[in-house]
Amino acid sequence: MLQKKKSHRLRPKVAAIGSRFALALAGAWLLLTCGIDKPCPNLIIVLVDTLRADHLSYHGYGRQTSPHLDRFAGESLTFLNHYAHASRTGPSVASLFTGLYPRSHGVLNPLEARDAKGILSEEQTTLAEILASHGYSSHGIVTNVNVSSRFGFGQGFASYTSLERGSRIDIADLELAPPFFLYLHYMEPHSPYNAPEPFRSVWIDPDYEGPVTGRHRQLDHIVAGELVPNAEDQSQLTALYDQEIRYFDYQFAKLLETLESRALLDNTILLVTADHGEELFDHGSVLHGYTLYEEQLHVPFILRDPRIENPMRVSAITRQVDVLPTLLELMGVSYDGTLQGRSLVPQINGEAGDPTGDSGVFAQTRLNAVKKVKSRSLLADGWKLIVSDLPEPGHELYHIPTDPEEQHNLATSNTAMAVKMRRRMRDLIQSLPLATEEQVDLTNEEKEELRSLGYIR
Ligand SMILES: [Zn+2]
C-alpha cells in the first residue's frame, strides 16, 4: 500500500558513510524535509528503446555514436554493467516502473494471440503512483505503442501522450510545475533503421549494392531464416543501427538544451537508460526479444543528480529492479510496498560489494510472433546460465569475464557449475511471487501499429 503522508523518512545510515556525497546529502536531509523546507527533486527518465550498451562510445565502441551522451556520462554516475530483465519493451519498462521482476508484475507480453495483449495491471503500484502520493505531478511522452496508457503504463501520470514512432519528442511547451516526474520514451534506435539526414549516411557504405535497407519486414525475414546476409550486408546493417544511435544522441542534446533554457535541470535527477538491446549477428540473427544474450540485456544506465558533485563510474553489476529503490532513496521518498531490487546508494557512496546479493540477474523471454521462444537466464558471480524450452530444450553456460561475447558454451564441460546455477535459478524463481496476467483486446489500429513494428504477424 502507498503511504499517504507527505513527510519523507530520513535515512540515518547514509549519514554514517564518509564520502563527500553522503555527507552533503545527509546534511540536507537532517536539516530539511523535502516538500516542507526545501523543494523535492524533480525526476526525468529518458528511456531509449533498443539501445545496447556496447555500441555507445563511452562504453568503448569504435564509432563515435554518442558524443553528447558521452559528455553527459562524464559528468554523472555511470553504471557500466547494468542489466534488463527481459529483451522486450513491455516487461522491461514494467520492471523499471514497479521495481519487480516480470514474473511478479505480470507483464510477460507473450503475444501468443493476435487479438489481445498483456497489460500492466492496475493492481501494481508504479513509480508515478508512488510519486503522486508524495505530491508530484507526472507527465509521460512515449513513442512506442507497447507502453501506451491502453496497456497500463499511464498509471499515476497527470498527462500521458502516445506519439507515433518517428515523431519528435518536444517538451518546449509542456507545463512542468515542480515537483514533477517526466518520462520520455525515445523509439530510436528501434527498427526500422531509418535515421534522417544528416545521420542517414554517416557510416553506411555509399557504394553498397546489396539488399539490406534496415526496414523492419526485412529484419523479420532475417530472423525467420528467409534472408541470409553476407558479411558486407551485416556491416551495412550495423552501420544503419549505429546511425540511429547517433540520431538519438542529437535529440538528447536538443533535450538538454531545452531543459537548460527552461532552468529545469537545477533540482532535477536525470536518468538515461534503455529497455533492452539489439542483436546484430552476435549469435547469428538480428532484432530483440528472441534471446537473452548480453547484446539483449546489457543496457546503459546514467544518473545525474545535481547534489552529487563528483562524477563516478560504477562497475558492479546492477539491475533494472534496483533503479526504483535507488531513485526513492535519492529523492527521500518513502514507500513500504514490495520491491525486489536494492538501492544502489551504497555503491554511489563508494562501498564495495555486489548489490545483486545472492540473487544475481534473472531475465526471461516468452513466446514471440516470428519465432517461438521461451527462455530464462541467470547471471551470478560471473557465470551465466540460459535455460530454453523453445525453440528446443537446452542449457547454455558461459563464463562472462573470459567469454563476454558468449561464444563458448560450457554447459557440458562444466556440469557441476551448470547444476549449481540451475539450482540458484530455481530457488530465485520460487522466491518471486507469480502475478496474474491481464490482457486487453486490441483495436484494429493497435494491431496495425504492432504489426508494422513486427510485434504481431
Ligand atoms: Zn523496446
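Student: Which residue in E10 does Val-272 stand opposite?

Tutor: This is a predicted model. Strand E7 covers residues 268-274 and strand E10 covers residues 298-304; the two run antiparallel and are joined by four bridges. In E10, the residue opposite Val-272 is Ile-302.

Student: Which strands stand at the edges of the open sheet of eight strands, and why is one side of each left without a neighbour?

Tutor: The order in this sheet is E5-E4-E6-E1-E7-E10-E2-E11, and the pairing is mixed. Two of these strands each have a single partner strand, so one side of each has no neighbour in the sheet. These edge strands are E5 (159-162) and E11 (312-319).

Student: At about what angle does helix H10 run to E11?

Tutor: Helix H10 spans residues 320-331. It lies across strand E1 (42-48), strand E2 (77-83), E7 and E11. Its angle to E11 is about 125°.

Student: Which residue in E14 stands opposite Ala-380?

Tutor: Another open sheet has four strands in the order E12-E13-E14-E15, with antiparallel pairing. Its edge strands, E12 (361-365) and E15 (394-399), each pair on one side only. Within the sheet, seven bridges join E13 (residues 374-380) to E14 (residues 383-390). The residue opposite Ala-380 is Trp-383.

Student: Which helix lies across E12, E13, E14 and E15?

Tutor: The helix in question covers residues 415-431. It runs at about 70° to E14. The helix is H12.

Key
Residues are numbered from 1 along each chain as its sequence is written. This is a predicted model: local features need pLDDT of at least 70, side-chain atom pairs count only at pLDDT 80 or more; totals for chains, interfaces and linings use all residues. Two strands pair if DSSP finds at least two bridges between them. Two residues are in contact if their C-beta atoms, placed from the backbone, lie within 7 Å. Axes are lines fitted to C-alpha atoms, for helices over the stretch in contact, and angles run from 0 to 180 degrees between N-to-C directions.
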